[in-house]
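Subject: Structure handover

Dear colleague,

I am passing on the structure we spoke about, and my notes on it follow below. Please read them with the structure open beside you.

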Amino acid sequence: MNVLEVKGYSLDYPTPAGFVRALDSIDLAIARGEVLGLVGESGSGKTSLAWAIMRHLPPRAREQGDISLGSQSLMAATESEIAAIRGRRIGMVFQDPSTSLNPTLTLGQQLAEVLARHRGLTRRQAWAEGEAMMARVGLKQPAAMMHRYPHEASGGEKQRVVIASAFACQPECILFDEPTTALDVVTARQILDLFAELQAETAVASLYISHDLALVSRVADHVAVLHRGRLVEHGEVDAVFDAPRDDYTRRLLAAVPRPDHRLVTGKPAAGADPLVEVERLSVHYGRTPFLSALAGRRIAQVAGNRAVSLSVQPGEILGIVGESGSGKSTLARALTGLTRFDGAVRFAGRRITGRRDMDRGYRRDVQIVFQHPDSSLNPRQRVREILSRPLTLYGGEARIEALLEQVRLPAAYAERFPHQLSGGEKQRVAIARAFASRPKLVICDEITSSLDVSVQAAVVELLVDLQRRNGTAYLFITHDLNLVRQLAHRIAVMYRGELVELLDIDDLSTTGPRHPYTRQLMDAVPPPREYKS
Amino acid sequence: MAELLRRLLRTPQGLLGVLIVGLILVIVVCGPSLAPYGPDTMAPRLRYRAPSAEFLLGTDQYGRDILSRLLYGARSTVILACLATALGTVAGALIGTTSAFLGGRADEAIMRTIDAILSIPSLLFALLIVNLLGKSSFSAVMAIGIAFTPGMTRVTRSVALAVTKQDYVNAAIARGERGGYIVLREMLPNVVAPIVVEMTIRVAFSVMLFATLSFLGLGAQPPSSEWGLMVAEARRFMHLSPWMILWPSLAVALVAIGFNLLGDGLRDALNPRT
């Protein structure tokens, strides 16, 4: 008996240029106790399907087919029937716990509200039940947690509360919309374990939406691959991974980074003078207000980096990993003179102790590529103008067309605006801009994390190719351990602003990490399962 | 651009604003050739006439045709008002963006000075400047331009602060660009949309402020047919012929309403979320 069934469902969204098809004849079924993983890249319609099941679509959207829960058709249900079903019979867990919880209510109030509303408990009962649920999802000190506001809890704790409220009414079906994407790898791993445990215990039918194939292969029984609104593959996890039938699935599987598949060959020349040496670099955020300084009061400052020391050889790829807030990007900002820092950077024999010491030569040789190409390319400038700036500043005989060709974009793109390019193309333009001044060191700050897996693979391949041709050194900042193990010669692990471990890639595979945090990080991200291509 | 116009014409206030401002522009461009008489042609025997087939809007104390004077006066009134607003907008946009870009202590110093100037009512401030520069249309333009600068600075800075956080500004700093380039080429184009909206709304204020200055005898000087001046002169003859004061007042009101509606329409059209 299927709990949730989607039959021949199509969805069109209205746009000024007519209707656009978001989902095309989708057939899905989830049985009791089953987890269906729904995989797709951004814009493939994953979230649209979740909202269609929750019956929360824009008023002018056009639908065909049927969605039913048990024996009841959801599309035929009235508003009040749907209101009774939502939360009670279908739960939902959102991607970002910091926006899905109301910041003005305590966690306890939000959890108790669900219980009081759907199970008809009195406030006192609901509160006690909520506390039990908090303990159930592994929150320490549930009684104290009930009285906290969302900003007083960490991201992982908040997501546990969201999961608790989804499971609170023992629904028949729960939709998980990328529940771990906004969390750190270590926290995400704990949330996944919790999910598996609760799922096994309550035998709820789950739809697990994710862009991460490796992750879905671990949590789901069945997997469905969505591509541009169509289901291109649907079957048991083992079957899909062992023998993918569709071309798109195969490409998706091939694009997942595998740590044992090294993309970079060779090593930087040993014994050469280091290109950059970072000596005890510290960054503090927050300045002392003028009046406090007069009064002699000291303001507690937030440390972004604490005495980080490392060096990069010419032509070396140094990977920097760590969870969000570990100070990876702060290091990048300090090295490009975007924040003040204490300590020093030694570059080409010169000692740089602040922004003022960064002269033209340093600016030319050290370039940065940012995480979001949407924000790093000026929306009002054409690609030609974006790329011509480093050329006017630092000379060089390269032409715009040659720069575009270097990153494998057609020359005609020079006349386009950034919004006329896709995410991967935009990131290529940003890379071309960084390479225009022929730098010796390029800092890549999470440059692939906003891209889809298949696009990420192409961008990484491009970076490797550029490195081989130009001998550029990279400071490759990422949270994706599998990716960095494909690329880097050495890996620096950062934790709470400190550099906890710096290990050679060969040592990593032979002796393994020494620091407990590195080990924890590696355990949280197991390498993706093998598949037969 | 065509898309913007389509979005603008879809809202009622945008459509009405475009129509009224379009009409005003037509009058500004070809007003003198549409006028049935000269602006200074006097007819001593046909004074204080009510509207009639001969004089559509009546005549004034010297027997001059009011319609013709309004059509001629549109040029000085509307063009000078737009000029003054443009002056205030450009100055405000530059100061606001620079202040946001500099940040820290420099930002504090600039903005607190602006706040101090902002606390003086704009009419009073304009009067002060006109008194310093002497009575003329030019000094009235300067006065209104300077009086508008602090307000525009505030608006621009609030938008520019968000732009400063964008990575393309960081990228420009990391690339070693000069401050001037970053302010003019990287930041200004991205704060233009809200500034344009604020500017159209301020044109309306400017027309009124201009009329007020002329009314007080500090802007345009007789025998100019600037609308504010026409109102000021007509005041003395209100009991003989109320039409004389009514028509130029209505003209000022129409310009103010037209630009206000256009500004409202533009605000909705430039904001993709509405």
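Please keep in mind throughout that this is a predicted model. The largest nonpolar core has 222 residues, and those with the most contacts inside it are Tyr208(A), Leu475(A), Phe476(A), Ile144(B) and Val207(B). The largest share of this core comes from helix α8 of chain B, residues 179–215, which contributes 17 residues.

Helix α8(B) deserves a separate look. Although α8(B) has 37 residues, its end C-alpha atoms are only 44 Å apart, short of the 54 Å that a straight helix would reach at 1.5 Å a residue. The helix bends by about 55° at Leu188(B), and a proline, Pro189(B), follows within four residues. Just after α8(B), Gly217(B) adopts a positive phi of about 85°.

As for how the two chains meet, 17 residues of chain A are in contact with 12 residues of chain B. On the side of chain A that touches chain B, at least two residues each are supplied by α14 (360–365), α15 (373–376) and α16 (383–394) of chain A, and α16(A) gives the most, with 3 residues. Sorted by class, that side of chain A has 7 nonpolar, 6 polar and 4 charged residues.

With best wishes

Note on methods:
Residues are numbered from 1 along each chain as its sequence is written. Chains are lettered from A and ligands numbered from 1 in the order in which they are written. This is a predicted model: local features need pLDDT of at least 70, side-chain atom pairs count only at pLDDT 80 or more; totals for chains, interfaces and linings use all residues. A nonpolar core is a set of buried Ala, Val, Leu, Ile, Met, Phe, Trp, Tyr and Cys residues joined through C-beta atoms within 7 Å. A residue is buried if 20 or more other C-beta atoms lie within 10 Å of its own, exposed if 12 or fewer, and partly exposed in between; C-beta atoms are placed from the backbone. Two residues are in contact if their C-beta atoms, placed from the backbone, lie within 7 Å. Ala, Val, Leu, Ile, Met, Phe, Trp, Tyr, Cys and Pro count as nonpolar, Asp, Glu, Lys and Arg as charged, and the others, Gly among them, as polar. The expected span of a helix is 1.5 Å times one less than its number of residues. The bend at a residue is the angle between axes fitted to the seven residues ending there and the seven starting there.
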